[in-house]
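Dear colleague,

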Amino acid sequence: RAGGPSVFFPLQSNFLAASAMFGLIVAGRPPQLQAEQVDNNKYAFMLADPDSINHIVVFLTEPIDPQAGVSVHLFLSHPEPHWQLLGFVCNEKPSAIFRMSRIKPEQMAPSPFEVRAMDPKAVPHARIGLSIEPLQEVVQQTPVTAAAALTVADITTFPQRVCENFLNYIASFGTPISEMVLHPGETFVPLSTVNKWYETICRRLQQDPLFWRK
């Protein structure tokens with residue numbers, strides 16, 4: 001809230017009614033703002049049709065009491081019952097973007113979450129586990145490479161580089177009008193038009209790095 005004082009969650013024996021402390025966003029779906037409490041200080045979000053998801057955003061809806069000295073460790077279970085560490089969020093890093101991918105054997109990691117038997121008739125889903133742990137434990141755990149957190153810059157860079165490559169490729173064929181040789185059936189597009197398209201793409205990437213998925 002711009003201009004207002006910071007509001008911190010109080011710490012209680014059951015660590016607040018913390019199910020409302022977290023949020024999760026999947027592009028094209030309504031935000032999830034109510035995690036399921038699965039154990040003491042442990043919560044989870046359910047993700048339907050996980051194979052259609054490329055990235056997720058996990059965030060804190062409010063700051064954590066700084067005196068608590070904790071962070072929220074994030075785990076992915078896809079497919080169940082296996083888990084892998086994604087990363088963490090805390091007051092200094094209140095949100096993070098992660099790439100969704102199925103867990104490979106070498107990516108499996110111990111997690112504080114219960115391993116559940118899979119129902120073969122159940123609708124496919126994935127789970128995002130959130131475990132409230134001491135802040136110092138963050139540096140002792142390293143997310144697997146395939147699930148490393150992505151920054152907005154990471155997501156923006158790839159489409160921008162593709163567009164730059166396309167623009168440079170087109171420009172390499174540039175010919176002055178006086179030297180042009182017209183061929184039947186060919187259509188000519190001014191380079192200025194392509195450049196204007198490139199500038200539009202860059203502007204839209206700055207406004208919404210995931211606009212190309214819509």
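Residues 24 or more positions apart account for 72% of the contacts in the protein chain with a separation of 6 or more, where a contact means heavy atoms within 4.5 Å. Please bear in mind that this is a predicted model, in which local features need pLDDT of at least 70 and side-chain atom pairs count only at pLDDT 80 or more, while totals for chains, interfaces and linings use all residues. Residues are numbered from 1 along each chain as its sequence is written, and side-chain values use heavy atoms, with hydrogens and water left out.

The pLDDT is the predictor's confidence in each residue, from 0 to 100; its mean over the protein chain is 75, and 71% of the residues reach 70 or more. Two stretches call for caution. Over residues 1-16 pLDDT stays under 50, and the model has 31 contacts beyond four places in sequence for them, and over residues 144-148 pLDDT also stays under 50, with 11 such contacts.

The protein chain holds 2 helices and 9 strands, and from the N terminus on its elements run β-β-β-β-β-β-β-β-β-α-α. Helices (H or I, at least four residues) and strands (E, at least two) are DSSP runs, numbered from the N terminus. Of the 214 residues in the protein chain, 35% are buried, a word that here means under 20% relative accessible area, with exposed meaning over 50% and partly exposed in between (1.4 Å probe, protein chains only).

Let me turn to the strands, where two count as paired if DSSP finds at least two bridges between them. Which strand is largely enclosed by the rest of the structure? It is S8, because 9 of its 10 residues are buried. Strand S8 pairs with S3 in the antiparallel sense over 7 bridges, Phe45 having Ile128 in S8 as its bridge partner, and S8 also pairs with S5, again in the antiparallel sense, over 8 bridges, with Leu74 standing opposite Leu130 in S8. Strand S5 (residues 70-77) in turn pairs with S6 in the antiparallel sense over 5 bridges, and in that pairing Phe75 has Leu85 in S6 as its bridge partner. Strand S6 (residues 84-89) is mostly covered, since 5 of its 6 residues are buried. In the loop between S5 and S6 you will find Pro81, which is partly exposed, with a relative accessible area of 24%, and whose C-alpha atom is separated by 9.6 Å from that of Arg127, 46 residues apart along the chain.

Strand S2 (residues 36-39) and strand S3 (residues 42-48) pair in the antiparallel sense over 3 bridges, and Asp39 stands opposite Lys42 in S3. Their hairpin has 2 residues between the strands, and in it Asn41 takes a positive phi near 65 degrees. Most residues other than glycine have a negative phi, which makes it worth looking at residues that depart from this. Asn41 is one of them, as it is not a glycine, and Asp49, also not a glycine, has a positive phi of about 45 degrees. Asp49 is found in the loop between S3 and strand S4 (55-60) and is partly exposed, with a relative accessible area of 45%.

Another residue to look at is Met100, in the loop between strand S7 (95-99) and strand S8 (125-134). Is Met100 buried or exposed? Met100 is buried, with a relative accessible area of 10%. Not counting residues up to four places away in sequence, Met100 touches Leu47, Pro50, Ile53, Asn54, His55, Ile56, Leu76, His78 and Ala126. The C-alpha atoms of Met100 and Asn54 are separated by 5.3 Å, although the two are 46 residues apart along the chain.

Finally, there is the largest pocket, with a volume of about 310 Å³. On a 1 Å grid over the protein atoms alone, a pocket is an open set of points where a 1.4 Å probe fits, with protein on both sides within 12 Å along at least five of seven lines, and lining residues have an atom within 4 Å of a point. Grid points are joined across faces, edges and corners, and the volume is the space filled by probe spheres set on the points. The lining consists of Ile170, Ala171, Phe173, Gly174, Thr175, Ile177, Met180, Phe188, Val189, Pro190 and Leu191. These residues divide into 9 nonpolar, 2 polar and no charged, where Ala, Val, Leu, Ile, Met, Phe, Trp, Tyr, Cys and Pro count as nonpolar, Asp, Glu, Lys and Arg as charged, and the others, Gly among them, as polar.

With best wishes
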